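Please go through this structure with me.

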Amino acid sequence: MTAPDLASAVRENIDLAPLNTLRLAARARYYSEATSREALKAQILWARENDLECRVLGGGSNIVFRGDFPGLVIHMALRGRFWAPCAGDSAVLKLEAGENWHESVLYSARAGFSGIENLALIPGTAGAAPVQNIGAYGVELADVLLDVEVLDTQTLQLLRLDRKRCEFSYRESRFKKEPGRYLITQLRLKLTRNRPPVLDYQGLAEAFPHSHSNPPTPLQVAEAVMALRAAKLPDPAILPNAGSFFKNPVVAQDHFQRLQRLYPGLIAYPDANGMKLAAGWLIDQCGWKGFREGQVGVHNRQALVLINHGTAIGEDVLGLAARIQADILERFGIMLEIEPRIFS
Ligand code: FAD
Ligand code: NAP
């Protein structure tokens, strides 16, 4: 990218409200779109030369803007979906980081490949998917991710990190632990035509009662997931939100057993590190479901989702989150962890 190209690519004082699904008011001092790897490198270098902090933004569906950002916000806009040749019933799908995740799920399912159909209707970009190892309905990205291409912002080199080096765990990854170090430019997913559908979650099992004799296609599963989500989760275009605001906590067996004696209705599932508790249930027990105060609130069908009712700012949302965390800590002895990334 030449100097004049760069000058026109970087814009000043940009309103970020339309670029985050919580619709929080915030401005970026500088903003650019990266439509190529060269542009991405040039923009990072420009920020470095001007002593500015740099943040990458995808669809803005998993962030909370605490206030204005004094550095450069780079919108990841690399586009492209490619099938790589593969033997037998498998295929490798390459997704450029700026591709819309949900459209990519439908693209794969329509081609008859399974692996990501349970992750339908998750907003945002492909490039952000590894950041929190997106998951839903018993499937997570790590199940199918072969590797990612990243730009190392320290060296400005492009690298490939295989799944192991991404250090995935439940809604976690290396990219969360080392924020800003690696910008994801491409994903490679290993998909297949013959994987049995994952239908463990109640709503999905109910949608396909005869799945043993008549297994649904990947597209049918994706459509069932879309229907379940549409019935329960608020559409950010109508009620601005960032999805689940808290991660489901995993507690040790003895903690779980103590809680279960006190609360026989406790919703919990076995996890490799103990028992995973449904954070939405904990929040509901403390009476927060449907709560509204001023411009912020808790969704009335899913207590994990915090809502901006109009003109809330980041501090309003984080203030409500802190009150919920304090209640859950006092009642259940659990500190809920905020899931979205906080930009400040
Ligand atoms: P952004 O919000 O733009 O960014 C999130 C973080 O990733 C930021 O720290 C950003 O800097 C970083 N980032 C973005 N792109 C890159 C990149 N290319 N390289 C490096 N870092 C990057 N999540 C789930 O796991 N499961 C769900 O079922 C789910 N459902 C949701 C439903 C709703 C209604 C909403 C609003 C959110 C939901 N989410 C869910 C959360 C969110 O959609 C995902 O985390 C998604 O992957 C975020 O993508 P994004 O492009 O919007 O990321
Ligand atoms: P749900 O089906 O009502 O389930 C409530 C909670 O119980 C979920 O958090 C889920 O954990 C857990 N759960 C349910 N059945 C399970 C099973 N068979 N095995 C293990 N855990 C089980 O949840 P929902 O609110 O309608 O959401 C449906 C799916 O979409 C969930 O997977 C959820 O994570 C995902 N989702 C995520 C976000 C986000 O922003 N992160 C937003 C909306 C929906 P898990 O969350 O670990 O799956």
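**Salt bridges and overall form**

D152, R174, E178 and R181 are linked in a network of salt bridges, a salt bridge being a side-chain nitrogen of Lys or Arg within 4 Å of a carboxyl oxygen of Asp or Glu. This is a predicted model, in which local features need pLDDT of at least 70 and side-chain atom pairs count only at pLDDT 80 or more, while totals for chains, interfaces and linings use all residues. Residues are numbered from 1 along each chain as its sequence is written, and side-chain values use heavy atoms, with hydrogens and water left out.

Student: Does R174 count as buried or exposed, and what is its relative accessibility?
Tutor: Buried means under 20% relative accessible area, exposed over 50%, and partly exposed in between (1.4 Å probe, protein chains only). R174 forms a salt bridge with E178, with 2.9 Å between the closest N and O atoms. E178 is partly exposed at 28%. R174, in turn, counts as buried, with a relative accessibility of 14%.

Student: Which residue forms a salt bridge with K289?
Tutor: K289 is partly exposed, its relative accessible area being 35%. The closest N and O atoms of the pair are 3.5 Å apart.

Student: What is the N to O distance in the salt bridge of E53 and R55?
Tutor: E53 is partly exposed, with a relative accessible area of 48%, and R55 is partly exposed with 22%. Their side chains meet in a salt bridge, and the N to O distance is 2.5 Å.

Student: How many salt bridges does a search of the whole structure find?
Tutor: The pair E53 and R55 is one example of a salt bridge, and R174 with E178 is another. A search of the whole structure gives a total of 17.

Student: What radius of gyration does the protein have?
Tutor: The radius of gyration is taken over C-alpha atoms, and the globule rule is 2.2 Å times the number of residues to the power 0.38. For 344 residues, a compact globule would have a value near 20 Å. The protein agrees with this, at 21 Å.

Student: What share of the residues of the protein count as buried?
Tutor: The C-alpha trace spans about 65 × 55 × 35 Å along the principal axes of the protein. The protein has 344 residues, and the share that count as buried is 51%.

How values were computed
Chains lettered and ligands numbered in written order.
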